[in-house]
Amino acid sequence: MGILRYAIYRFGTMLLTLWVVSILVFVIINLPPGDYLSNQIAELRASGQSAGVAKAEFLRSEYSLDKPLWQQYFIWAGFLPGPHGFSGLIQGNFGWSFEFDRPVSEIVGDSLWLTVLVNLAAVLFVYVVALPLGVLAAARARSWVDYSSAFVGYLGLATPNFLLALILFYYGHRWFNLPIGGLMDPALEGEPMNWEKVKSILIHLIVPTFVIGTSGASAMMQRLRANMLDELGKPYVETAIAKGMSPSRMLAKYPLRVAFNPFVADIGNLLPSMISGSVLVSVVLGLQTIGPTLLTALKTQDMFLSGFVLMFVALLTLIGTMISDVLLVLLDPRIRYEGRDA
Amino acid sequence: MRDLRGNQIAMIFQEPMRSLSPLHRIGNQVAEVLWLHGRKSESEAKKEVLTCFERVGFPDPERTYSSYPFELSGGMRQRAMIAMAMVAQPQLLIADEPTTALDVTTQAQVLGLMKELQRDTGMAMILVTHDLGVVANMAEQVVVMHKGRVMEAGAAEPLLSAPAHPYTRALIEAAPKIPAAAAPQPVPGRSDLILELKSVSKTYSMRAGKGWKAPSLIFACRGVDLLLPRGKTLAIVGESGSGKTTAARIALGAEPPDEGGSVLFRPRAGEAAIEVHKMDRTARTAFQREAQMVFQDPYSSLSPRMRILDTMTEPLEIHHIGTQSERRERAAKMLQTVGLGADMLQRYPHAFSGGQRQRLSIARALMLEPSLLVCDEPTSALDVSVQEQILRLLEKIRDENQLSYLFISHDLAVVARIADEVAVMRRGLVVEQATPETLFHNPQHPYTKALIAAQPEPDIHRPINLKLVAQGAGRPEDWPEKFRFSGFEAPPLVPLEPGHKVRCHV
């Protein structure tokens, strides 16, 4: 089978892309004049605190910020040895956050996998909601099912997420006694993983998933509906009906299979748009994801922290597109046999 | 109802390309009929489907079973559709224009197959078609419909030989026929040539599926020599994939020929010839004023977002001809020439029927007053009665304006009517070339014979000769000794008599 070879090839291109992205991220972060430390040194000088200046100067050479930019990049990425030998992204050393005065890995630590968790839940929500509703809306096109689902969908698209979050929190707490804010019970934070903690996280996840996923789900639903409607008019659907298939079975086997392609292809786009889109929501809901961290890091020119977070988002995106590409090849023989004589 | 569908009543549709799901294997789609009606277990169903595939003429049923539709040709796909309809042995088969989308030779074979299957199984068949030739070959009973009402109904023989209703008569009239033997026309003179194709070849390379394999080569045209005298019509006839459209595109300079081939164009008699593929920018613009094209599909060759007026005057704008009002006037006049009203200029294409749109395409092509018109199957998307009108229009315009046509078609009867000379192409090679009279009454090449034999005629006493079709349309290896060749080594094009060339061994 060529699938495995394709997956390996796709993985190779992903690594290549990641490398290019790392250059871009590094360049963009360094575009604004100055860096965190030189700003701080200037400030300390102005207020005459020479001890602080010495420490900042030490950090500067410690993190090779006194070197030319291209060297800084290679040291950051881990292609060249820094003052302490090879220790860059490749080696798993993500650098030092000057703003928080702690290693980057420590700051992002927990919030990394919480981010992944929240976004996976939201993506899952999008698909679970959009798939049946989109198919139903297409199958019953121009009926009350179609119109009401479109209405709810547009409402979901048009409502600002943070507003939706506040409303849901209020009523969720009042009627279902759902917790407000955060991703787990504060008492459990920092505890090792156990059943209590998992349960708490799951309950806390309900509202954020809903808030982050709603607009994506309604957009996806409309897209699937439109694709399905296009497919429903095609002759092969008529062929299937002429065979004597039941409508539901026919829908699932023929038009849905074809309309599924864009649905799958969207996995890659969904991930980054959700992560960047959920920054505001995370701030409002008090979620411990890396969204708010990224915001702070960018504001204070905390280069290692923001660089790492951006790289992480890029990685998620690339993994998403890779998954959707490989899935598409599995799903659609036309792509699989591309270039072969028809 | 669902129990009847597929089980008792089966259906075959018009477009085999789109009537099969592209994402499921053929075997799956055919065997599904048996699973659905709970008649067979999976393995038994497969066995039955394989027998059925063999029955409808798939050389390798096992392979077909696991093929996807896009791996098969149009004719093979229609065979798969027939297998799908037949596999449950229905009582009634409804076939909705089952062969309209197919080449003539393929059509003949598919019709033959359907008839044979019907004889073997004794099922009833409802055949919907616009082609009286197909009716004459297939039907016992005929119902003629027009605008939702039955015009005439009855047994096929009396209805076709002595139609009572004027509409039926008009239909039979309009059906293009190969003319009865006439005095052989002289070959058109070769003195004043407007277009000359000299050993034009075109090779496409297909990217191979696996990166390390050499790309496979497709020979779309091989050493095509064609001469078009001024004011005459040269027709190229062949099936899809025969290279006729490629030849036309090369003639218009839309595509370069392979090394060694050239196309010469003489805009006026006595002027020096221009080499179409070695023109600079200004020469090319001038050439485009002289040579225009009418396309096959009138539905997609007019922009749906442009008013007819804009579509018509655009060529004049591009070539900076006339003022706004002059252009407008010319467009109005041109519409009248092609039989439409000048008041239609403000409309959009969707407000026109297929025949009217093809008139619009012709009008658009004529706006620049070209001397050469390339018509790529201008009537194959139209109904017979409309086809007749368009052909008459093309003839009229040609004679009034001294136009020269390069006419591409797969339909011999159409060509017989309009052409002065016909070149029959098969897989990139011209296999026979002569005047239409010679070609139809003294065809030499087995492929030409197959084409003529495959043409369904609205005459119940002249059924399609399937044996002739099968042999001629088959592989060159199976042709009679004189014409046989295998691989790339084709015999030369030999003149048998003046103006009649055949590709054969001498």
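B:Gly428 is buried, because 23 other C-beta atoms lie within 10 Å of its own; a residue counts as buried if 20 or more other C-beta atoms, placed from the backbone, lie within 10 Å of its own, as exposed if 12 or fewer do, and as partly exposed in between. Welcome to a predicted model, in which local features need pLDDT of at least 70, side-chain atom pairs count only at pLDDT 80 or more, and totals for chains, interfaces and linings use all residues. Residues are numbered from 1 along each chain as its sequence is written, while chains are lettered from A and ligands numbered from 1 in the order in which they are written.

**Around B:Gly428**

- B:Gly428 sits in the loop that links β14 and β15 of chain B; helices (H or I, at least four residues) and strands (E, at least two) are DSSP runs, numbered from the N terminus.
- Setting aside neighbours within four places in sequence, the contacts of B:Gly428 are B:Phe219, B:Ala220, B:Cys221, B:Arg222 and B:Gly243; two residues are in contact if their C-beta atoms, placed from the backbone, lie within 7 Å.
- From B:Gly428 to B:Ile126 there are 302 residues in sequence and 38 Å in space, C-alpha to C-alpha.

**The eight-stranded sheet of chain B**

- Eight strands of chain B make an open sheet with mixed pairing, in the order β11-β12-β13-β8-β14-β15-β17-β16; two strands pair if DSSP finds at least two bridges between them.
- Its edge strands, each pairing on one side only, are β11 (291–294) and β16 (493–497) of chain B.
- From one strand to the next, the twist averages 20 degrees.
- Within this sheet, β8 (residues 233–237) and β13 (residues 404–409) of chain B are parallel partners over five bridges, and B:Ala235 stands opposite B:Phe407 in β13(B).
- Helix α9 (residues 244–251) of chain B lies across β8, β12 (372–376), β13 and β14 (421–426) of chain B, and runs at about 155 degrees to β13(B); axes are lines fitted to C-alpha atoms, for helices over the stretch in contact, and angles run from 0 to 180 degrees between N-to-C directions.
- Helix α17 (residues 446–454) of chain B also packs on the sheet, where it touches β8, β14 and β15 (429–434) of chain B, and its direction makes about 105 degrees with that of β14(B).

**A hairpin in that sheet**

- β16(B) and β17 (residues 500–503) of chain B run antiparallel and are joined by four bridges.
- B:Pro495 has B:Lys501 in β17(B) as its bridge partner.
- Two residues lie between the strands of this hairpin, and B:Gly499 takes a positive phi near 80 degrees.

**The three-stranded sheet of chain B**

- Another open sheet has three strands of chain B with parallel pairing, in the order β1-β2-β3.
- Here β1 (9–12) and β3 (124–128) of chain B are the edge strands, each pairing on one side only.
- Neighbouring strands are turned by 15 degrees against each other on average, direction ignored.
- Five bridges connect β2 (residues 92–96) of chain B to β3(B) in the parallel sense, and B:Ile94 has B:Ile126 as its bridge partner in β3(B).

**A helix pair in chain B**

- The axes of α4 (residues 74–86) and α5 (residues 104–121) of chain B come within 10 Å and cross at roughly 15 degrees.
- α4(B) and α5(B) are therefore roughly parallel to each other; angles under 35 degrees count as roughly parallel, over 145 as roughly antiparallel, 65 to 115 as roughly perpendicular and the rest as oblique.
- Their crossing is right-handed, a term for the near helix being turned clockwise from the far one by less than a right angle, with left-handed for anticlockwise.
- Among the residues that meet are B:Ile82 and B:Met86 in α4(B), and B:Leu113 and B:Leu117 in α5(B).

**Chain A and its side facing chain B**

- Chain A has 15 helices and two strands.
- Along the principal axes, the C-alpha atoms of chain A fill a box of roughly 85 × 60 × 40 Å.
- Of the 342 residues in chain A, 34% are buried.
- 20 residues of chain A are in contact with 27 residues of chain B.
- α9 (235–243), α11 (255–265) and α15 (333–336) of chain A each supply at least two residues of the side that touches chain B, and α9(A) gives the most, with six residues.
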